[in-house]
Amino acid sequence: MLTWLKTHKLVVGLILLAIIFGIYRFINTRQVSYEEYTVTRGNIQETLELSGEVDAEKYATLRFLTGGLTSYVGAQEGDSIAKWQTLASLDSRQLHKVLEQKLNLYAIERGEFDQGQDDYQKNIDDGDIDQELRRLLEKNQYQLDNTVKDVEYQDLALKLSRIYSPISGILVESPSVSAGSIVAATDKWVVVDPLSLQFVADLDETELVRVHSGQSVQITLDAFPDKIYSSSVGSISFSPKETTTGTVYTIKMPLSASDLADLRLGLNGTAAIILSRKDDAVLLPSAAVTTLDGKTVVYVKSGNKYLAKTVTTGIENNGQIEIVSGMAEGEHVYQEK
């Protein structure tokens with residue numbers, strides 16, 4: 001009976017060993033599949049993408065210094081505006097009356113000044129001017145100067161009762177008023193030059209060293225996703241602005257006049273600034289390149305084995321990577337699936 005038990009245990013142990021060995025052999029002999037890639041040649045560029053919107057370089061915001069009754073409204077929102085066109089004017093009847101009054105006061109003061117000069121002309125010619133006479137003549141001169149300034153001030157007030165557009169463009173904002181309505185000093189007219197549209201974005205201070213004026217830019221707008229607008233970095237603001245994410249600088253990229261027909265203020269999009277570009281470069285998909293022991297490698301086939309080969313890489317963009325050295329066009333590399 002004891003012998004039978006020993007034999008039984010031995011058989012069970014052998015069976016278990018056979019199962020373990022089979023599993024081990026299966027694991028180590030499983031088929032490993034590889035993805036094959038071919039080294040090609042092409043163009044590649046490194047870009048920095050920034051979100052932004054369409055804005056205008058030239059615009060004018062116009063307001064009256066004080067509110068009042070409008071006597072003329074010459075344009076409504078959406079109208080094309082010529083340079084120096086009158087947009088609106090205030091009722092100037094009172095201003096004209098005050099100006100007439102100031103002119104009359106000037107005439108009176110001028111007459112008194114001339115009379116004073118005539119009365120004391122002999123003393124003046126003889127050089128016999130005492131202190132009292134000198135003060136009197138100076139007082140007359142000051143009074144005359146003040147009346148001149150009053151007339152000039154009132155003339156300026158008349159001019160400021162009209163607002164003109166200093167640029168040609170489109171009236172994009174105006175108060176809903178007509179002649180005979182009251183406008184407030186806070187009401188405004190905004191004229192934008194549509195030929196000065198540009199794409200404006202925020203550049204983080206950490207990227208400032210990589211971007212400079214003149215770099216090529218490719219702009220895509222959310223409203224026209226299939227179209228690319230070519231531009232360049234026009235300017236980078238000297239002073240930063242604080243945001244919730246840190247310090248950023250405003251970067252402006254002009255838009256070509258040929259692209260302005262469909263564009264509108266406020267269109268959102270993305271600007272891809274081309275930092276560097278290589279033509280006729282040796283390329284591989286980024287998935288074919290990996291890191292091994294701190295080195296950048298690809299796997300090449302040698303017989304039935306796959307061996308790691310060190311390569312030097314360059315620009316990487318849109319799933320492609322430049323191979324600076326280590327591989328040539330037409331060679332094949334492999335990556336375990």
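**Salt bridges and an open sheet**

Biologist: Is D202 buried, partly exposed or exposed?

Modeller: In this predicted model, D202 has a relative accessible area of 32%. Buried would require under 20% and exposed over 50%. Because the value for D202 falls in between, the class is partly exposed.

Biologist: Which residue meets the side chain of D202 in a salt bridge?

Modeller: The two side chains meet at 3.1 Å, N to O.

Biologist: How many residues apart are D280 and R41?

Modeller: The side chains of D280 and R41 meet in a salt bridge, at 3.9 Å from N to O. D280 belongs to strand β17 (residues 268-285) and R41 to strand β2 (residues 40-56), so the pair links distant parts of the chain. Their separation in residues is 239.

Biologist: Which residue is linked with R41 and D280 in a network of salt bridges?

Modeller: The structure holds 8 salt bridges. R41 and D280 are joined to each other by one of them. The network that links these two also includes E329.

Biologist: What is the N to O distance in the salt bridge of E207 and R210?

Modeller: R210 is partly exposed, at 31% relative accessibility. The side chain of R210 meets that of E207 in a salt bridge, and the N to O distance is 2.8 Å.

Biologist: Which strands stand at the edges of the open sheet?

Modeller: The sheet has 4 strands in the order β3-β10-β8-β5, with antiparallel pairing. An edge strand has a single partner, so one side of it is left without a neighbour in the sheet. The edge strands are β3 (59-62) and β5 (80-81).

Biologist: Which residue of β8 is the bridge partner of I81?

Modeller: Strand β5 is joined to strand β8 (residues 169-173) by 2 bridges, and the two run antiparallel. In β8, I81 has as its bridge partner G169.

Note on methods:
Residues are numbered from 1 along each chain as its sequence is written. This is a predicted model: local features need pLDDT of at least 70, side-chain atom pairs count only at pLDDT 80 or more; totals for chains, interfaces and linings use all residues. Side-chain values use heavy atoms; hydrogens and water are left out. A salt bridge is a side-chain nitrogen of Lys or Arg within 4 Å of a carboxyl oxygen of Asp or Glu. Buried means under 20% relative accessible area, exposed over 50%, partly exposed in between (1.4 Å probe, protein chains only). Two strands pair if DSSP finds at least two bridges between them.
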